[in-house]
Amino acid sequence: SPHRHAFSEDHRRVLEVIGAQVSDTLRRAVTFQRERHLVDRDSHTGLPNARQLERIVSTELALGESSVPLSILIVRITIDERRGRQSPEDVLRLLAETSRPALRGADLVFHFAPHELAILLLRTDDESSQRVMRRVAKRLATEQRLPSDVSITIGLASTPSDGLSLSELLNIAGQREQTLSEYISTSPSIH
């Protein structure tokens, strides 16, 4: 109020109580968001985790729009334990970083399993997902920072032709896994 003494002592106490409650609510909301962010991210790589992938895929598939396809690209690493100097998490972080320029803006990279990345290609038909996979494979195959004791396999599966659940897609992508060298040698348009 423009008047100097327009509020009574009771008004001031009510505002202090409301202010304390609002402050406490905001602090809890910020803490919740921070903790939720940590739950949805892998603590070693900083990438979104399997829980986040499952949530997004479930939401997309629940929309029931079979005309809006999605694909899952699996990137799996094997490290020669006798010569391995880098942790799997460090290698996966490098692969995620290397893959990103080959992806489209809506594509998402997840740390899915201890030695796996999953790349979610939303609203992607078979032909487009194959193109993205070729670009990713080419970038990974030419990454010079990748340790020589690491081998990489990749596999791809798409809805609706390969399944309508994340588990079906992961199963098919796993069955189709090829090493980068096998994939590049059998994919004429990658060269």
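View 1. With a relative accessible area of 7%, His-111 counts as buried (under 20% is buried, over 50% exposed, and anything in between partly exposed, using a 1.4 Å probe and protein chains only). This is a predicted model, where local features need pLDDT of at least 70 and side-chain atom pairs count only at pLDDT 80 or more, while totals for chains, interfaces and linings use all residues. Residues are numbered from 1 along each chain as its sequence is written, and side-chain values use heavy atoms, with hydrogens and water left out. His-111 sits in strand β2, residues 108-113 (strands are DSSP runs of E with at least two residues, helices are runs of H or I with at least four, and both are numbered from the N terminus). Its side chain makes a polar contact with the side chain of Thr-45, at 3.4 Å (a polar contact is a pair of N or O atoms within 3.5 Å; within protein, one must be able to donate a hydrogen and the other to accept it, and residues adjacent in sequence count only if both atoms are side-chain atoms). A polar atom of the His-111 side chain also lies 2.9 Å from the backbone oxygen of Ala-113. Leaving aside neighbours within four places in sequence, His-111 is in contact with residues including Asp-42, Pro-48, Glu-89 and Leu-117 (contact means heavy atoms within 4.5 Å).

**View 2. Leu-95 and the nonpolar cores.** The largest nonpolar core has 28 residues, and Val-75, Leu-95, Ile-152 and Ile-154 have the most contacts inside it (such a core is a set of buried Ala, Val, Leu, Ile, Met, Phe, Trp, Tyr and Cys residues joined through side-chain atoms within 4.5 Å). Among the elements giving two or more residues to this core are β1 (70-79), α3 (88-99) and β4 (150-158). Take a look at Leu-95: not counting residues up to four places away in sequence, Leu-95 touches Val-75, Ile-77, Leu-117, Leu-140, Leu-146 and Ile-152. There's also a second, separate core of 17 residues, which includes Val-57, Ile-74, Leu-169 and Leu-170.

View 3. Arg-76 forms a salt bridge with Glu-177, with the closest N and O atoms 2.8 Å apart (a salt bridge is a side-chain nitrogen of Lys or Arg within 4 Å of a carboxyl oxygen of Asp or Glu). Arg-76 is in strand β1 and Glu-177 in the loop between α5 (166-175) and β5 (178-179), so the pair ties together parts that are 101 residues apart in sequence. Glu-116 joins these two in a network of salt bridges. Arg-76 itself counts as partly exposed, at 30% relative accessibility.

View 4. Arg-145 and Glu-97 meet through their side chains in a salt bridge, 3.0 Å from N to O. This pair links distant parts of the chain, 48 residues apart: Arg-145 is in the loop between α4 and β4, and Glu-97 in helix α3. Both are partly exposed, Arg-145 at 47% and Glu-97 at 44%. Elsewhere, Asp-162 pairs with Arg-176 in a salt bridge, the closest N and O atoms being 2.8 Å apart. Here the accessibilities are 16% for Asp-162, which is buried, and 42% for Arg-176, which is partly exposed.
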